[in-house]
Amino acid sequence: MSRWRTPALTAIAAVLAATLTPAAQAKPRATGPVNPGFETGDLTGWTVVSGDAFADSAVSTEKDYWGGPFNQRGDHHLWGFAAAQDDAVGELRSSTFTAGRALSFLVAGGWDPDHLYVALVRDRDGRELARQTGMDDEAYARIVWDTSAWAGEQVHLRVVDDKKGGWGHINLDDVRTERPDKDDNGLTFNRLGQANQPAEHDYAADPLRPQYHYTPYQGWINDPNGLVHYGGRHHLFSQHYPDAPKWGPMHWAHAQSTDAVRWRELPVALTPPPRATPTDNSGIFSGSAVDDDGTLTVAYTRFTDTAAHPGATPETVEIATSTDGVTFTPVADNPVIAGPPPGSAAGFRDPKVFRDPVDGRWKMVVGSGHDGRGKVQLYASDDLGEWEYAGVLAEGDGTDGAMWECPDLFPLDGKWVLLYATNEGGESLQRYAVGSYDGRTFTPERRGVLDGGGDTYAAQSYADDRGRRLMTAWMSDWNAKEPTRVNGWAGAQTVHRELFLRADGGLGARPVAEVGDLAAGKPVTVTDKQIEGTWRLGRGDTARLRAELDLGATTARTLTVRLHASAAEATELRYTTATGELALDTGRSGYGTRDIFTTRTRPDADGILRLDVLIDRSSVEVFAGDGETLTARVYPRYAESDAVEFAADGGSLRLRRAQLTPLGSAWS
């Protein structure tokens, strides 16, 4: 074809160019804002539009804050707290640049999408195209936006701080339009950002959302509540705040399942009254459920925020009932317990109701504490309506928490077990005691921590129709980082676990058997494998690993299983052969809490250490053969972080058998 154009062809080309949509025309090459990572050490290229929240002094070289590293890129970053702390407000604008098909940046600071955010703004009409707030954490998370709809247009970034008080600042670093999906190491960022979350309930879209653990689609959950087998279904309620991915006026979320692993969302079961003031956090705290001859009856703590309701009793016990398992009606005589008994200064909450086999009556245990000693209060009833105080069921000695939350008392394998959750010196622990119970008093014989990991709290159990004692817990704690806030949700529950008494008398757990029904692909299986150095079994970020390590034929000092592994990060499960210590190390897991969690476990009589590991997109649950467990939330930065590898240090590892099975979604 000639390089020369006739006048007619030129005219046609002009018409086509004028009528083609912007997406069909050649677009200008994407650029980026001036000084995208603040590496000049000041606000060069950025304009302070208003206020005093942003100034040259906000550009910081600090690498660490009170909770760990910032994880900025380069030496400098915009720390919104540095210029004038949390009470300052203001707006910052970047230089104009040309949008590409995607844009990414690092964000941190407070969560408030209406008053604290980074926005992409189109120059020609001032329209805000996308917005992202922080996550109440100083450690950066990478946000990736699809900007293909605006590729070639002139845009700028607006950084807004219109919030005062705690977490009233926003942090920003490393704005990228060139290779925005790739890190410097060549790995692909997991695509985070609330702008990426579909309005419809697409549970697979979020790279950090667990696929077979219960999570809220948007909003917050913490304690599991009301676990019960009713009407042929397993019911799971959860403490829930639907309006934000952080704690607020508590509701009860509700889901049900036919098999305790696949869940269907139901309408919110319990809703608090409207706020009396903008800061009123009154709500419905934790509780339990029982089947009373076909009536589903839930008992819960009614919490009243006395700052908004002066003179009110902060915590009372109320009851609601349902005949269809979906719609609940509070009883007319609420509250059924109008206030705590004497000696409950630390709190009075989380009623757990059960039918007592000792005397056939309904009993209720309620968490409490006084003078630095946690305790459990006991109540009795004949009809679930009128309750009489029966005294202190159990009390601590001051070394195991000043307030015992979420108590649960039940018989198991010829003994009685008491579960209770504590916060001790900033550490959240799920504790248990095994002992005896005479209808009024629990006498402990053995105490322990139910899970040695960092993310098991507020456990609650129930008996299903097969007589199994099943349990789930909040797969987080009050100190945990919640990077999923940038996607609009926070919190998850563990898989359901079957409880049993271990050979040493302690309380053990295993995954409920139905987890095996989630298998969704051909497993990778190896037998009789000798490993020196590092060896990869397979890949999977929603999978089950079952491994038998032959310690008798192993010479290595330390055995490691690397999960969610890539060249840049991994969660490491390590076993020290000399001591029997099993450690879960999240120091290089990506976003989230960095720590090392430990327990002790020993091989069976044949010298085989059995491990059953549940891997989900942002969690790891480890079950040793003797019932010891380790659980942690982990949040990989990269899409490639899905390898499962074994490693031996100081010798070789004899792997008798290992099987990696893909698991599918639990959502219907």
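Me: What makes up the accessible surface of the protein chain, and how big is the carbon and sulfur part?
Reply: The surface comes to about 25,600 Å². Carbon and sulfur atoms hold 49% of it. The areas come from the Shrake-Rupley method with a 1.4 Å probe, and for residues only the protein chains shown count as cover. This is a predicted model: local features need pLDDT of at least 70, side-chain atom pairs count only at pLDDT 80 or more, and totals for chains, interfaces and linings use all residues. Residues are numbered from 1 along each chain as its sequence is written, and side-chain values use heavy atoms, leaving out hydrogens and water.

Me: What share of the residues is called buried?
Reply: Buried means under 20% relative accessible area (1.4 Å probe, protein chains only). Of the 668 residues, 59% count as buried.

Me: What makes a group of residues the largest nonpolar core?
Reply: A nonpolar core is a set of buried Ala, Val, Leu, Ile, Met, Phe, Trp, Tyr and Cys residues joined through side-chain atoms within 4.5 Å. The largest has 36 residues. Trp46, Phe105 and Val159 are among those with the most contacts inside it. A second, separate core has 35 residues, including Ile531 and Leu611.

Me: Which residues does Val159 contact?
Reply: Contact means heavy atoms within 4.5 Å. Leaving aside neighbours within four places in sequence, the partners of Val159 include Trp46, Phe54 and Leu172.

Notes:
Buried < 20%, exposed > 50% of the residue type's maximum accessible area, 1.4 Å probe, protein only.
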